[in-house]
Amino acid sequence: MLQALRSVRPFTHTRAAAFRPIRIAKMTISTNPPVKLNDPSLWITNPSFLDGQWTALPQHETFDITNPATGELIGKLPDMTVADTRDAIAAADKAFKTFSKTSPQQRANILENFYRLTLENKEDLATLITLENGKSKTDATVEAGFSAGFLQWNAGEALRLFGKVIPSAFPNTKSWTQIEPVGVVAALCPWNFPPGMVARKVAAALAVGCTSVIKVPAETPFSVLAFVELARRAGVPPGVIQIVTTDKHLVGIGEELCTNPLVKKVSFTGSTRIGKLLMQHASGTLKHLSMELGGNAPLIIFEDADIDIAVKGTLVAKFRCSGQTCVCANRIYVHESIYDKYSAALAAAVDKLVVGDGSQDGVNMGPLVHARAVEKCQSHVDDAVKRGAKILTKPRPKREGKLANGNFFDPVVLGDAPQDCLIADEETFGPVAALIKFKTEEEAIRLANNTDMGLAAYFYTKNQARTFRVADQLQAGMVGVNSTSISHPTMPFGGFKESGFGKEGGPDSILDYVQLKTVTVNIE
């Protein structure tokens with residue numbers, strides 16, 4: 001199971017946290033952060049966060065965090081254990097007893113403070129994201145703002161949770177419903193959007209009065225720790241947010257979060273395989289679950305599409321964050337009548353992408369997060385070429401110096417990809433665009449839906465009737481038409497089929513963190 005936990009979209013973990021309102025607790029930080037920060041106190045290396053203070057764990061083994069662009073060591077963090085996780089859960093449960101009684105306005109105020117502090121420190125968050133994840137400064141800055149958006153949205157949602165008065169079926173009685181927080185939330189978060197995915201889960205939990213234990217991604221922990229520190233400064237009370245950092249103890253900690261009876265809800269973002277394992281563990285205590293799992297998104301380019309717009313959209317849908325997003329277009333179906341024009345335009349546009357260290361100006365695409373991701377991309381390209389696909393993009397020179405040790409995979413466009421290649425069935429999670437020809441609308445829809453996944457789907461057309469017709473038939477939780485911008489705090493995010501269930505973002509996501517109680521009173 002350990003290998004499964006390190007699958008295409010690994011998640012990793014961090015340790016117990018708690019907060020002291022407004023006052024900055026004493027902490028130990030590295031005297032030499034590996035990058036320049038406007039606020040060096042956001043470089044957290046002691047992630048034990050019980051009782052609202054960052055403290056060291058000298059008795060623990062540590063694990064290394066490296067820069068994926070250079071392979072250089074960024075820092076070390078304590079490899080926390082199952083026993084640490086139990087402590088974190090117990091602290092969160094204790095805090096829940098008081099935090100759940102706070103008023104919606106109090107929680108909204110904390111979230112507004114958190115939102116403001118996140119925007120004020122957006123540049124530092126982006127710097128840390130790029131350092132450990134590798135994505136470009138542009139993508140990292142967008143993610144920092146994206147994270148803040150969930151805090152602002154849920155600050156408003158905290159004030160919009162209403163019960164209902166129900167006309168009673170019985171004489172001399174009054175009945176109503178009231179909404180209550182579910183309890184301690186286990187948030188298992190991925191490395192591809194470290195503070196972004198934490199914000200998605202924790203902001204909703206805070207809004208309703210839940211406490212959280214965050215399992216921080218081992219590949220990208222420092223941006224999450226900085227984000228949690230901002231939460232503390234915003235006034236999140238002690239014990240309300242706990243964190244667990246680990247690399248070697250993934251299996252035991254994951255099982256503990258899913259089986260501990262004090263945890264009432266599990267929210268997981270990661271691969272479908274791991275999601276199924278976690279669901280099995282959580283079934284013993286019938287926990288509330290939200291699962292945002294694997295994707296295999298189709299992108300359809302119909303014969304009447306605006307090719308220039310479609311190419312620009314494809315660059316975003318396929319190559320943003322080096323193709324390491326769950327909603328990346330994995331299979332690109334192109335109508336045979338425009339195939340040559342579209343494929344040539346896309347290959348030319350991809351050849352212009354600047355690949356390098358994401359911290360450098362002008363870089364569009366950084367490295368992949370680890371060597372396993374590089375190996376998977378290469379295996380998908382090799383398989384497609386063996387089956388008849390052609391590489392349409394130009395070869396790039398080898399990297400030298402520090403970047404020679406980075407986890408780089410140059411973007412590739414594969415022409416004439418066969419329908420039986422691995423990419424058609426597996427999520428690549430990297431910068432490989434496979435183009436597959438189709439003849440009819442019916443064929444394109446059939447191919448697009450021919451997957452167990454159903455997270456996102458995209459298509460380009462100028463035909464208004466086709467817009468409604470195809471959107472209705474695509475089996476995905478999110479559909480982009482002439483657009484690849486489908487994720488925002490105001491919009492529900494989640495999939496169909498084996499891409500999971502539950503929504504993050506939008507007006508309904510907060511309901512995943514509450515339970516409904518009915519009260520009936522005899523008024524005689």
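A charge sits over a ring if NZ of Lys or CZ of Arg is within 6 Å of the ring centre and within 35 degrees of the ring normal. Keep that in mind for the first view of this predicted model.

**View 1. Two charged side chains lie over phenylalanine faces.** Arg200 lies over the face of Phe493, 3.8 Å from the ring centre. Lys135 does likewise with Phe193, at 3.9 Å from the ring centre.

**View 2. Here is the largest pocket, with a volume of about 510 Å³.** Its lining counts 30 residues, and Val142, Phe146, Phe193, Arg320 and Ser487 lie nearest the centre. By class, the lining holds 15 nonpolar, 9 polar and 6 charged residues.

**View 3. Trp191 meets Phe429 in one of 6 aromatic pairs.** The ring centres are 5.8 Å apart and the planes stand at 85°, so this pair is edge-to-face. The partners are 238 residues apart in the chain: Trp191 is in the loop between strand E6 (184–188) and H6, and Phe429 in the loop between helix H13 (422–425) and strand E15 (432–438). Trp191 is buried because its relative accessibility is 1%, and Phe429 is buried at 4%.

**View 4. Phe302 and Phe459 form another edge-to-face pair.** Their rings are 6.1 Å centre to centre, with 85° between the planes. Phe302 sits in the loop between strand E11 (297–301) and H10, whereas Phe459 belongs to strand E17 (residues 456–460), 157 residues apart. Both Phe302 and Phe459 are buried. Look for Phe438 too: ring pairs link Phe438, Phe302 and Phe459 into a cluster.

Key. Residues are numbered from 1 along each chain as its sequence is written. This is a predicted model: local features need pLDDT of at least 70, side-chain atom pairs count only at pLDDT 80 or more; totals for chains, interfaces and linings use all residues. Side-chain values use heavy atoms; hydrogens and water are left out. On a 1 Å grid over the protein atoms alone, a cavity is a set of points where a 1.4 Å probe fits but cannot get out, and a pocket is an open set with protein on both sides within 12 Å along at least five of seven lines; lining residues have an atom within 4 Å of a point. Grid points are joined across faces, edges and corners, and a volume is the space filled by probe spheres set on the points. Ala, Val, Leu, Ile, Met, Phe, Trp, Tyr, Cys and Pro count as nonpolar, Asp, Glu, Lys and Arg as charged, and the others, Gly among them, as polar. Rings of Phe, Tyr and Trp (its six-membered ring) pair if their centres lie within 6.5 Å; planes under 30 degrees apart count as stacked, over 60 as edge-to-face and the rest as tilted. Helices (H or I, at least four residues) and strands (E, at least two) are DSSP runs, numbered from the N terminus. Buried means under 20% relative accessible area, exposed over 50%, partly exposed in between (1.4 Å probe, protein chains only).
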